[in-house]
Amino acid sequence: MQSTFRPRSLWRTGILGTCFRSRFQVYGVPNTRFIATWKEELQEVNHDTKAPLSGRVHILGMGNLGCFFAHSLATRRSPPPITICLHNDYLYQAFVRKRGQISVSTHGLDDVRTGFDVETVDEEGRWYTMPPVDNRPSPFSSTSQPPPDNGPIECLIICTKAHHTELAIKDISHRLTKDSTICLVHNGMGVLESINQNVFPDPSNRPHYIQTVFSHGLGRNDSFKISHLGVGTTILSPVGDPSIPPTTPEADHTWAPSTKYLLRLLTLTPPLVAVAETPAGLLQYQLEKLAVNCVINPLTALSDCTNGEILYSFSFTRVMRLLLFEISAVICALPELQGIPGIEDRFSPERLRRLVVNIASNTAKNHSSMQQDINQRRLTEIEYFNGWIVRRGEELGIKCALNYMIKHLIAAKAATHRSREAGAIPLDLDNVISTNEPPI
Ligand SMILES: CC(C)(CO)[C@@H](O)C(=O)[O-]
């Protein structure tokens, strides 16, 4: 039987071939495409479109990931126009205090970039372009035209956590059209499906998507100030039109102009170390990352330990193996992977265990994102990790009792924190002192 996904077909000509070749030629023969300016990238894409693109990239979610994407684009020889979308006044004031600078520190050396345009949103959900907060000679130095308030968005990179992404897109959905491209950068699975179901239910009016698997190590120093702790990669893939089989030659030529432009821009931005993959290839990387996240994140969050500490206990090893048996069974049974050669080996419990051990030892001193979320009383991504495995397992008739238990242990830990804090008696020290009585 022929496989449903034949990754090579997408690279043969078309956009994926261009992006893929470009990255790899960097280390060999000099690559003229690699030093192309964003305007040249745009001209190529605009060549035969009726509605030419302006080339502006919007970024929403200015945590570590958003700062890294904005900063990386700004390091290009000719940066494209970049708008950062700040969804509350607190963030905007912080950006003003930083004088519009985003800083990335590598090996202790800070690289500071400016030139970002800024939009903020009011209570009615209307977005406004703010005056520049850096010392630029003229507003909107990167383009001749200031972007219209609340105008349509061509390319949006969304860097919020999985559980905030749907809501964040809902808030900006009136600016996204069927010609826009959204690049989703988050951990976990199942977000795209719920965006389609709840935000863009009509397939004929849906924007295009690029999905990613991001593996750089980042740490936060302050608002808009991060550290690049470990070089990883940014694997990108456009989400194909489900009505066109990915194995047909047409599949190579159906990417929207905004998708082609954003893919080219990102793959030709050196700090991102971005490569384009086929949808089937990306899905496999997503599932590997999912398996790692389903083990390291909840175990470190439940035991309040670093990633490396889960490697030195027989009990952790037992739990890890048992979780991975269920995770492997679900992944190997997924209908979207059937027909791809080597799936049983790539996602065997033993290979997944080696992956987990490798990542836990490479990031031994780090605190996982879930451990930090639990300790800082933020929502966790558990529904998009072990929760997704349980849901897909149910559809496939595979019971995932251990993943179900882990999901509820995390929920219980978060609930315990909440109820402890709700039960605490607030002490109003100002009023105690204002009685003028001497301290007891
Ligand atoms: C690799 C990883 C599991 C731990 O640092 C990371 O993806 C995280 O913290 O979520």
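**Ligand site briefing**

A polar side-chain atom of asparagine 293 lies 3.2 Å from an oxygen atom of the ligand. That pair is a polar contact, meaning N or O atoms within 3.5 Å; within protein, one must be able to donate a hydrogen and the other to accept it, and residues adjacent in sequence count only if both atoms are side-chain atoms. This is a predicted model: local features need pLDDT of at least 70, side-chain atom pairs count only at pLDDT 80 or more, and totals for chains, interfaces and linings use all residues. Residues are numbered from 1 along each chain as its sequence is written, and side-chain values use heavy atoms, leaving out hydrogens and water.

**Around the ligand**

- Asn187, Asn293, Asn297, Asn307, Ile359, Ser368 and Ser369 surround the ligand (a heavy atom within 4 Å).
- By class, six of these residues are polar, one is nonpolar and none is charged.

**Polar atoms at the ligand**

- In asparagine 297, a side-chain N or O atom is 2.9 Å from a ligand oxygen.
- For serine 369, a polar side-chain atom lies 2.7 Å from an oxygen atom of the ligand.
- The protein covers 82% of the 280 Å² of accessible area that the ligand has on its own (Shrake-Rupley method, 1.4 Å probe).

**Serine 368**

- Serine 368 sits in the loop between helix H12 (349-362) and helix H13 (369-375).
- Serine 368 is buried, at 4% relative accessible area (buried means under 20%).
- Its side chain makes a polar contact of 2.7 Å with the side chain of threonine 300.
- Beyond four places in sequence, serine 368 is in contact with Ile296, Asn297, Thr300 and Asn307 (heavy atoms within 4.5 Å).

Definitions and conventions
Ala, Val, Leu, Ile, Met, Phe, Trp, Tyr, Cys and Pro count as nonpolar, Asp, Glu, Lys and Arg as charged, and the others, Gly among them, as polar. Helices (H or I, at least four residues) and strands (E, at least two) are DSSP runs, numbered from the N terminus. Buried means under 20% relative accessible area, exposed over 50%, partly exposed in between (1.4 Å probe, protein chains only).
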